Amino acid sequence: MSAPVDTVAPLLVGFAFGGCLQKAGLARYERIVNVFRFRDLTVLKFLLSALVTAAIGIRILQVLGLAANVPIPTTYIAGNLLGGLVFGVGMALSGFCPGTVAAGAGEGRLDYLIPGGVGLLTGAVIYGLAYEQVMPLLSGWRRAGNVTFSDLMHVEPWLVIVLFMELTLGTFYWIERGRLMGASGLGTHEPVATRPLE
Amino acid sequence: VPLSLRHPWSPYVAGIGLGLVVTVSMAIFGHRLSGAGAYQHLSGFVGRPLAPGSMYWRTVVPTGVTWDVLVLVGSILGAFVAARLAGEYGVRTMPDRQWVDVFGPSIARRWLLAFVGSLLTEIGGGIAGGCTASLAVSGGAVLAPAAFIFMLGMFGGGIPTALLIYRKEAP
């Protein structure tokens, strides 16, 4: 791929990513922490909508023969799970995840930009220093490699995608059923009042 | 400014938007969406001098201004523009709401916990093989078990921590 594409494409991908995070209000402490308290399911709705859309979009491009080599993350149960636990604790403490730190910094939040950014960099250095001692222990156990559910089950990918879509839409219906039965419909989320800015 | 850029989006709409971004990033460019990865690619600038013999920075992760680092730069700019257009940009040192009710008005406490929390997410993301963006979203989009095991862990760590922090409030 040519050099300008290699520079411009990730900047544009990031630009749209940061924009979506900001429009969904994810660069806010209470948004993130309240999903763990079952008080605000914005994060869950956002995440699942993105997953279903991307699952369909990527599969269509693959079927049409337009997709590049789509990267598949590695499944190694001990690492995926333990890493997730540590990640979740950090998220609930700070109201951050690495992506929303960038979005918060863009909104002008100094607690994201400075301790958030420095914390992420420090964490990356600590992880790098411990890598050789820690990762051989975690990455070997129950390692399935770079697989998808349809690889593991030997079924057509669309089958898994449709099943996942149905589960997601069912979840959305369950979340919104009160609202759907009332006067307002899907998508009419009242804007959350933010404190007026100085 | 169009009305749609002045107001927050429904999470469903913003999520579909993110899904399209992930589709382009994964299927057209062959890159997972980056969150934690960028910091791994910057960590070598500090880590290499600290541990010159480390095979981590020699063979496992690149060091430099990579695709992931440019995504990070782009996402700061994207959030900045979106916030400006919505009138939500403002230099702040503390969360707008809720934090003070639980932790008090101390900026030092907020910044310390922000540091510790973000440090834990980066280490956890390293162990898990990705973060919310690069594993939960990008891996979930190809329906990889890794993504769903990670999300199980994420909620498994986040829920008890949040309940502990908010134990004095009614559930």
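Colleague: About how much area do chain B and chain A bury between them?

Modeller: The model is a predicted one, and the contact between its chains involves 126 residues of chain B and 121 residues of chain A. Of the area buried between the two chains, 75% is on carbon and sulfur atoms. The total that chain B and chain A bury between them is about 10,700 Å².

Colleague: How many salt bridges does the rule find across the interface of chain B and chain A?

Modeller: A salt bridge joins the side chains of R109(A) and D96(B), with 3.0 Å from N to O. This distance qualifies because the rule asks for a nitrogen of Lys or Arg within 4 Å of a carboxyl oxygen of Asp or Glu. Across the interface of chain B and chain A, the number of salt bridges found is three.

Colleague: Which aromatic residue of chain B pairs with F172(A)?

Modeller: The whole structure holds 14 aromatic pairs over all chains. In the pair formed by F172(A), the ring centres are 4.7 Å apart and the planes make an angle of 70°. An angle over 60 degrees counts as edge-to-face, and this pair is edge-to-face. The pair crosses between chains, from helix α8 (residues 157-181) of chain A to helix α2 (residues 11-28) of chain B, and the partner of F172(A) is Y12(B).

Colleague: Are F172(A) and Y12(B) buried or exposed?

Modeller: The cut-off for the term buried is a relative accessible area under 20%, while exposed requires over 50%. Both F172(A) and Y12(B) fall in the class buried.

Colleague: Why do Y56(B) and W57(B) count as buried?

Modeller: These two residues form an edge-to-face aromatic pair, 5.1 Å centre to centre with 85° between the planes. Along with Y127(A) and Y131(A), they form one aromatic cluster. Y56(B) is buried because its relative accessible area is 1%. W57(B) likewise counts as buried because its relative accessibility is 1%.

Colleague: Over which ring does the charged end of R37(A) sit?

Modeller: Within chain B, R110(B) lies over the face of W99(B), at 4.6 Å from the ring centre. The charged end of R37(A), from chain A, is 3.7 Å from the centre of a ring in chain B, that of Y166(B).

Colleague: Is I28(B) buried or partly exposed?

Modeller: I28(B) lies in helix α2 of chain B, and its contacts include L61(A), L66(A) and A68(A). Because its relative accessibility is 36%, I28(B) counts as partly exposed.

Colleague: What is the phi of H154(A), a residue that is not a glycine?

Modeller: Most residues other than glycine have a negative phi. H154(A) is in the loop between α7 (149-153) and α8 of chain A, and at 72% relative accessibility it counts as exposed. Its phi is positive, at about 55°.

Colleague: Near what value is the phi of L143(B)?

Modeller: L143(B) is also a residue other than glycine with a positive phi. At 6% relative accessibility, L143(B) counts as buried, whereas H154(A) is exposed. The phi of L143(B) is near 50°.

Definitions and conventions. Residues numbered from 1 in each chain as written. Chains lettered and ligands numbered in written order. Predicted model: local features only at pLDDT ≥ 70, side-chain atom pairs only at ≥ 80, totals over all residues. Heavy atoms only, no water. Phe/Tyr/Trp six-rings, centres within 6.5 Å; stacked < 30°, edge-to-face > 60°. Helix = DSSP H or I, 4+ residues; strand = E, 2+ residues; numbered from the N terminus. Buried < 20%, exposed > 50% of the residue type's maximum accessible area, 1.4 Å probe, protein only. Lys NZ or Arg CZ within 6 Å of the ring centre and 35° of its normal. Contact = heavy atoms within 4.5 Å. Buried area = accessible area lost by both parts, 1.4 Å probe. Lists of a residue's contacts leave out its neighbours within four places in sequence.
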